[in-house]
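Try each task before reading its solution.

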Amino acid sequence: MIGPITTGSRGGNGGADGAEAKEEVKMEKSEAEAAFPPTFNVSEIKNKQRRHSMFVKYKQEKSKLKIQLKKKKKKERKALGDKAPPKEVPKTIENQRVYDETTVDPEDEEIAFDEGTDEFSAYFNGLTNPKVLITTSDRPRGRTVKFCEQLATVIPDAHVYYRRGLALKRIIPQCLARNFTYLMVINEDRKMPNGLVLCHLPDGPTAHFKISNVRLRKEMKRRGKDPTEHFPEVILNNFTTRLGHSIGRQFAALFPQDPQFVGRQVATFHNQRDFVFFRFHRYIFKNEKKVGIQELGPRFTLKLRSLQKGTFDSKFGEYEWVLKRHEMDACRRKFQL
C-alpha cells in the first residue's frame, strides 16, 4: 500500500516551484518584449488603440536600436582613427541614374559647334539683349495676374500685357515688330497657374512646361524685401543631356549676361529628376566667413511637356521632343534632362 503524503514537505517544495515558475514566466515575457515583433504581426490586432500603441512601441524600439548601432560605429571609427574604413555613400535615385547616351561633354567639339550655330548663339555672342513679353490666357484671375507681375520684377526688361483674346500667332509678329526676344504665356486652370509656354524669338524653339507649387511673395515666411532692379546672377544646375542643355540655354537667355553684383540677387534653375525648381534669393555677407541668404520669391516648379522647333504652331509645328509618360516614366532611374 502507498503511504500517506505529508502536506508540509509538499507545501515547502510547492512554494519554491511556484517562485521558480513565476521567474521563468517573467523571463519569457521580457524575452518576448525584447524580440517583438519577429513572429507576430501588429496588423493582426483588431483593437485599433491597442494596435496603434503596439506599433508606436515597435517604432521606438527600432529607433533605439538604430541610435545604439550608430553610436557603436562612431566609437569604432574614433578608435581606429586614420585606419577607419571610408563611409558608405547612401544609395539615391540620382547616383543610381541610368546612363544616357546624350549626356553632354563640355569639351566636345561637336557640342561647341552646335552651340555656336543654334538659335541662342546671337544672345551668347552678345549681339542681342533679352526683352521679354509676359502675357496670360484669356480672362486671367487675380492670382495669375500677381504671378505675372512678380515674374516681371525677377526678369529684367520684362513687360506684362493683357492678352485681350488674341491668338498667339497674331501676337508673335507684334512682338517681333517691338524687338522682343521672348514670349512667355502663363496658362491657368481653376484660378491657378498650371502651364507655361516659353517661345524664343524670332526662330524658336518653343517649350511647354507644366507649372506646380506656385507660391507668391505674400505666402512665403521670412522672405526678404522686394527685389531691386539690379540684373541678377543665374545658376543652372544638373542640365546634363542634350535636351537639358538646350533647355538650360533657353532659361539663361532670359537674363542679361552682365549681372550686377551690387544687387546680390541670384535666380536659380535647379533640375532634379526632370523637375526644374525655380528660386530667387538675395545673399547677405554676415562677416568674412559667413554668408546668409534670403528668399525673395516667387517660387515654382516646372515639368517639361514638349519642345517644338520654331515659334509656336499648334497645328503644323514640328516637335523635337514630347513627353510620353508611359514609356519615359517607366524607369524611375532614367531622366531626360
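**Exercise 1.** Find out why strand β1 is largely enclosed by the rest of the structure.

*Solution.* Start with the residues of β1, 132-136: 5 of the 5 are buried, so the rest of the structure largely encloses this strand. Buried here means under 20% relative accessible area with a 1.4 Å probe, protein chains only. Next, look at the directions: V132, I134 and T136 point one way, L133 and T135 the other way. Strands are DSSP runs of E with at least two residues, and helices are runs of H or I with at least four, numbered from the N terminus. This is a predicted model, where local features need pLDDT of at least 70, side-chain atom pairs count only at pLDDT 80 or more, and totals for chains, interfaces and linings use all residues. Residues are numbered from 1 along each chain as its sequence is written, and side-chain values use heavy atoms, leaving out hydrogens and water.

**Exercise 2.** Determine which strands pair with β1.

*Solution.* Pairing requires at least two DSSP bridges between two strands. First, β1 runs parallel to β2 (residues 158-160), with 3 bridges; V132 has A158 as its bridge partner. Then turn to β3 (residues 182-189), also parallel to β1 and joined to it by 5 bridges. There, T136 is partnered by I186.

**Exercise 3.** Locate the charged ends that sit over rings, using NZ of Lys or CZ of Arg within 6 Å of the ring centre and within 35 degrees of the ring normal.

*Solution.* K131 lies over the face of F180, 4.7 Å from the ring centre. For K303, the ring is that of F275, with its centre 4.6 Å away.

Terms used. Buried < 20%, exposed > 50% of the residue type's maximum accessible area, 1.4 Å probe, protein only.
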